[in-house]
Amino acid sequence: MANPIETKKQQRWAILQEAKSIVENAQNENRKLTTDERQKHQKMMAEVEEMAETVEEMERIRMEEARTMKVSGGSQPEKATAAKRGPDFRSLFGENHDNGGYASLGQFLRAVASGQYDAKLQKRFQALDPGAAGGFTAPEEHGGWLFDAALESEIVRPRATVWAMNAETRRVAAFDGLDHSQNSLFGGFQAVWMNELEEGNIQDAAIRQITLQARKLAIFTGVSSELLSSGKEFEQQLTGAMSSAIAYNLDQAFLNGNGVGQPQGVFSADNDALIEVPRTGGGAIVYADIVNLYSQMHPALASGAVWVANTNVLPNLLTLQDANGSLIWSPDGARGIPATLLGRPIIFTEKVGALGTRTDLSLINFKGYVIGMRKQIEVAKSADIGFMRDAVHFRTIVRCDGCGSWNQPFTDQNGNEFSWSVTLDA
């Protein structure tokens with residue numbers, strides 16, 4: 001019996017080749033596409049994209065069946081043990097990912113760079129955009145390694161609420177219950193003391209929806225032809241550069257993205273839950289600023305919050321004094337600088353504002369930030385742009401999105417505001 005997934009892939013490949021031939025014929029004749037050709041090409045590429053999502057869903061279902069069920073001789077499937085969901089690749093997308101026939105990520109990248117015919121690559125070919133140069137989806141095992149290697153050095157993703165995206169859009173439901181000033185929970189639940197047999201009132205909770213739309217992040221990495229032929233050194237350097245680039249750019253987007261064609265970052269002006277605390281120390285950070293930041297972190301979220309500070313804030317903190325002239329954040333000559341501030345870990349990074357500017361010091365519980373990740377990583381190569389330097393350039397495409405989960409700060413019964421994200425203003 002034919003494998004329905006492989007049949008669908010072959011059908012998709014055939015349509016893709018036909019669409020490709022339309023563009024190539026026009027290029028060979030040194031002309032633009034006619035209106036009919038353009039419409040036909042666009043229709044084919046839309047069908048290719050739709051079939052890709054169908055294949056992905058079929059593979060996901062097959063993977064989940066293999067992971068969660070064990071059938072023996074006609075007996076009922078055993079119940080699966082619930083696994084803890086985390087930000088790593090296998091927690092999001094399950095086990096049993098194939099390696100595409102490549103022993104390592106470096107071997108796959110070398111096959112892409114060679115430009116030679118490879119039957120295994122043909123199965124991984126897909127157009128990144130209608131009319132654009134094609135690329136290859138990295139085998140899930142190796143693409144997952146890239147995601148997890150980047151995760152180790154990121155700030156946001158390891159601490160955020162991360163969801164798998166099995167389509168271009170994912171919707172996540174959330175209660176709209178951030179105002180307790182009227183003694184109401186979740187935008188509608190209100191507690192009422194009742195006498196025996198007294199009839200209660202039906203109450204509705206306000207629910208809103210968070211929509212994650214897969215955004216495309218393209219990362220370009222160049223390597224020399226000498227490095228390309230150097231075996232293990234090539235793999236180590238290129239994969240290391242790719243994972244570092246993914247980590248850096250994802251953090252930049254999740255922290256500072258403006259939400260236009262990219263994630264809406266924690267510090268975006270459109271993060272309506274972000275509380276910006278007025279600065280009391282001018283261009284410096286004083287102890288009162290630290291206290292004020294901490295006081296506006298939601299009490300229930302404080303235990304999971306971390307400080308995020310620009311690297312050049314460090315000298316300011318090391319010399320911070322109380323009213324008696326004693327150091328507040330005292331370093332130890334043997335054990336180094338403190339790892340916490342008011343009991344919470346502190347992370348230093350260049351990805352936030354410099355000392356004296358907005359976001360130079362923040363207190364954040366990243367569980368309030370929602371991330372959607374697609375599992376495919378797409379890789380394409382070009383020797384053209386590096387021809388004069390005898391170099392090969394790789395383009396890596398990652399698709400993701402992110403935004404805050406609250407649409408406003410939390411207001412308690414007394415009218416005080418708290419949030420999961422608090423920062424100093426300019």
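Predicted model: local features only at pLDDT ≥ 70, side-chain atom pairs only at ≥ 80, totals over all residues.
Residues are numbered from 1 along each chain as its sequence is written, and side-chain values use heavy atoms, with hydrogens and water left out.

**View 1. A salt bridge joins Lys375 and Glu140.** A salt bridge is a side-chain nitrogen of Lys or Arg within 4 Å of a carboxyl oxygen of Asp or Glu; by this rule the model has 12 salt bridges. In the pair shown, the N to O distance is 3.3 Å. Lys375 belongs to strand β12 (residues 369-382) and Glu140 to helix α6 (residues 140-151), so the pair links distant parts of the chain, 235 residues apart. Helices (H or I, at least four residues) and strands (E, at least two) are DSSP runs, numbered from the N terminus. Lys375 is buried at 6% relative accessible area, and Glu140 is buried at 16%. Buried means under 20% relative accessible area, exposed over 50%, and partly exposed in between (1.4 Å probe, protein chains only).

**View 2. Arg215 forms a salt bridge with Asp401.** The closest N and O atoms of the two are 3.7 Å apart. Because Arg215 lies in strand β6 (residues 215-224) and Asp401 in strand β13 (residues 391-404), the pair ties together parts 186 residues apart in sequence. Arg215 is partly exposed, with a relative accessibility of 24%, whereas Asp401 is buried at 5%.

View 3. Glu276 is in strand β7 (residues 275-277) and Arg358 in the loop between β10 (344-349) and β11 (361-364), so parts 82 residues apart in sequence are tied together. Glu276 is partly exposed at 36% relative accessibility, and Arg358 is partly exposed at 26%.

**View 4. Helix α4 (residues 105-114) is largely enclosed by the rest of the structure.** This is so because seven of its 10 residues are buried. Among them are Leu105, Phe108, Leu109 and Val112. Just after α4, Gly115 takes a positive phi of about 75°.

**View 5. Tyr287, Val291, Tyr294 and Leu342 make a nonpolar surface patch.** The patch covers about 310 Å². Patches are made of residues with over 30% relative accessible area and no salt bridge; like charges are joined within 9 Å, and nonpolar side chains (Val, Leu, Ile, Met, Phe, Trp, Tyr) within 5 Å. Accessible areas come from the Shrake-Rupley method with a 1.4 Å probe, and for residues only the protein chains shown count as cover. Val291 is part of helix α9 (residues 287-295) and is partly exposed, with a relative accessible area of 36%.

**View 6. Six strands form an open sheet with mixed pairing.** The strand order is β7-β16-β11-β8-β10-β9. At the edges stand β7 and β9 (340-341), each with a single partner strand, so one side of each has no neighbour in the sheet. Two strands pair if DSSP finds at least two bridges between them; β9 and β10 pair in the antiparallel sense over two bridges. Thr340 stands opposite Pro345 in β10.
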